[in-house]
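Hi,

Here is the structure I promised to pass on. Have a look at it first, and then read on for what turned up.

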Amino acid sequence: MTQEAELPGKRVLVLRPDELGPSDQKMWREIRTESAAPANPFLDPAFTTLVGQVRPGARVAVLLDDDSPVGFFPYERGPLGQGRAIGLGVSDSQGAVLRPGIRLDARGLLRSCALSSWEFDNLEAGQGLFVPHAAEELASPVVDIGEGFELYAKRLRAKSPSFLRQTLAKERKLARQVGEVRFVYDARDPDALRALMDWKSAQYRRTGRRDRFAQEWITRLVTLLGESEEPECRGVLSVLYAADRPVAAHFGPRSRTVLSWWFPAYDRAYAKYSPGLVLQLKMLEAAAADGVETVDLGSGPARYKESLKTRDLRVYEGAVVRPVPGGAVQWLGREPARAARRFVRNRPRLAGTAARTLAELGRVRGR
């Protein structure tokens with residue numbers, strides 16, 4: 001279903017993700033390497049291809065200069081041409097993949113893709129094409145483990161001595177009171193994955209948030225990632241067992257050097273042992289031994305992220321909107337809610353009240 005359009009000095013081919021050939025994927029990765037951007041699995045062509053299997057509106061604009069690809073722009077297209085980042089809602093790194101030095105106009109690119117708007121909520125830093133259209137800049141904490149876990153643990157002890165000590169003490173208590181503690185970094189355990197989804201769904205409902213695993217496309221995407229053998233984008237299921245029973249688990253995509261903290265959850269029956277934190281420390285140690293250099297914890301506030309992080313990346317939320325009817329629909333549908341979230345987020349006391357209200361709503365729904 002190839003579509004073709006023109007940009008000043010460029011030709012644009014719009015393809016379905018499954019129409020990308022091996023040479024396209026190779027060029028995509030070469031351009032990412034040239035840009036010196038982190039090898040985040042969400043911006044690998046394999047992630048876009050998997051999203052294409054579960055989201056019919058997924059597309060890739062291939063930018064050509066003298067018939068040679070110089071850029072790739074993955075997106076999803078909805079009614080009236082409203083666009084969104086590929087995998088929006090679960091993708092923690094978004095943007096276009098452009099050869100360094102390429103100059104484009106964001107609205108011109110959208111016009112060539114027949115898009116009236118393009119929405120993003122985790123636009124990576126360095127996306128000069130889209131950052132001017134951001135409504136908000138957010139911190140996205142990461143953990144650097146490229147120099148090895150021992151050095152990281154040493155720095156963690158210096159920064160937060162009680163955090164590491166208390167977490168290790170809870171692991172020993174879990175083993176003493178429940179049974180032998182066992183950790184598997186890259187588990188092939190469908191029962192543990194189902195347990196993780198159940199725990200996470202219950203957490204979403206308990207806190208009054210939308211249950212992502214109630215959306216079939218997300219569940220299917222997780223399954224596909226779990227089956228992937230692509231080194232630059234495959235799912236890793238890590239499980240903490242006590243007495244051979246899963247008590248905490250995490251599922252997330254990884255490349256050769258970046259692991260994304262995506263869906264963590266634990267069995268609340270074991271909450272007093274902090275199994276989620278025990279799992280995370282063991283994951284960091286195993287990931288470092290497996291060649292991972294960075295664990296991306298994702299944007300959004302959480303106390304444990306502040307304890308574990310070594311630094312923050314910047315990500316952006318917003319939308320590029322063209323002055324056409326579909327663009328106006330996107331702006332009216334999204335901007336008031338985004339402004340309300342900014343208002344609450346910038347007022348800690350109000351944010352706390354909102355979180356408690358959501359939790360109460362979740363409890364009411366669960367009755």
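Before anything else, one cut-off to keep in mind: a residue is called exposed when its relative accessible area is over 50%, buried when that value is under 20%, and partly exposed in between. Please also remember that this is a predicted model.

Most residues other than glycine have a negative phi. Ala-36 is not a glycine, yet it has a positive phi of about 65°. You'll find Ala-36 in the loop between α1 and α2. Is Ala-36 buried or exposed? Its relative accessible area is 66%, so Ala-36 counts as exposed.

The other one is Ala-114, again not a glycine, with a positive phi of about 60°. Ala-114 sits in the loop between α3 (106-112) and β7 (117-124). Its relative accessibility is 38%, so Ala-114 is classed as partly exposed.

Now the overall picture. The protein has 367 residues, and 51% of them are buried. Its secondary structure comes to eleven helices and 15 strands. Taking the contacts with a separation of 6 or more, 73% are between residues 24 or more positions apart.

On to the inside. How many residues does the largest nonpolar core have? There are 33, and the ones with the most contacts inside this core are Leu-221, Val-222, Leu-237, Phe-251, Trp-262 and Phe-263. At least two residues each come from α2 (45-54), α6 (190-206), α7 (216-227), β10 (234-242), β11 (245-254) and β13 (263-266). Helix α6 gives the most, with seven residues.

Helix α4 (residues 149-159) packs with helix α8 (residues 275-289) at an angle of about 145°, and their axes are 9 Å apart. On the α4 side the contact is made by Phe-149, Tyr-152 and Leu-156, and on the α8 side by Leu-281, Leu-284, Glu-285 and Ala-288. By class, that contact has six nonpolar residues, one charged and no polar.

Then the spaces. The second largest pocket has a volume of about 620 Å³. It is lined by 33 residues, and those closest to its centre are Ala-37, Glu-124, Ala-125, Gly-126 and Gln-127. Which elements supply at least two residues each to this lining? They are α1 (22-35), β6 (97-98), β8 (134-144), β14 (294-296) and β15 (311-321). Strand β15 has the largest share, four residues. The lining is made up of 16 nonpolar, nine polar and eight charged residues.

Finally, there is one cavity of 30 Å³ or more. The largest cavity holds about 40 Å³ of space. Its lining consists of Phe-42, Leu-43, Pro-74, Ala-85, Ile-86, Ser-91, Ser-93, Gln-94, Gly-95 and Trp-118. Six of these lining residues are nonpolar, four are polar and none is charged.

Over to you, and enjoy looking around.

Cheers

Note on methods
Residues are numbered from 1 along each chain as its sequence is written. This is a predicted model: local features need pLDDT of at least 70, side-chain atom pairs count only at pLDDT 80 or more; totals for chains, interfaces and linings use all residues. Side-chain values use heavy atoms; hydrogens and water are left out. On a 1 Å grid over the protein atoms alone, a cavity is a set of points where a 1.4 Å probe fits but cannot get out, and a pocket is an open set with protein on both sides within 12 Å along at least five of seven lines; lining residues have an atom within 4 Å of a point. Grid points are joined across faces, edges and corners, and a volume is the space filled by probe spheres set on the points. Ala, Val, Leu, Ile, Met, Phe, Trp, Tyr, Cys and Pro count as nonpolar, Asp, Glu, Lys and Arg as charged, and the others, Gly among them, as polar. A nonpolar core is a set of buried Ala, Val, Leu, Ile, Met, Phe, Trp, Tyr and Cys residues joined through side-chain atoms within 4.5 Å. Buried means under 20% relative accessible area, exposed over 50%, partly exposed in between (1.4 Å probe, protein chains only). Axes are lines fitted to C-alpha atoms, for helices over the stretch in contact, and angles run from 0 to 180 degrees between N-to-C directions. Contact means heavy atoms within 4.5 Å.
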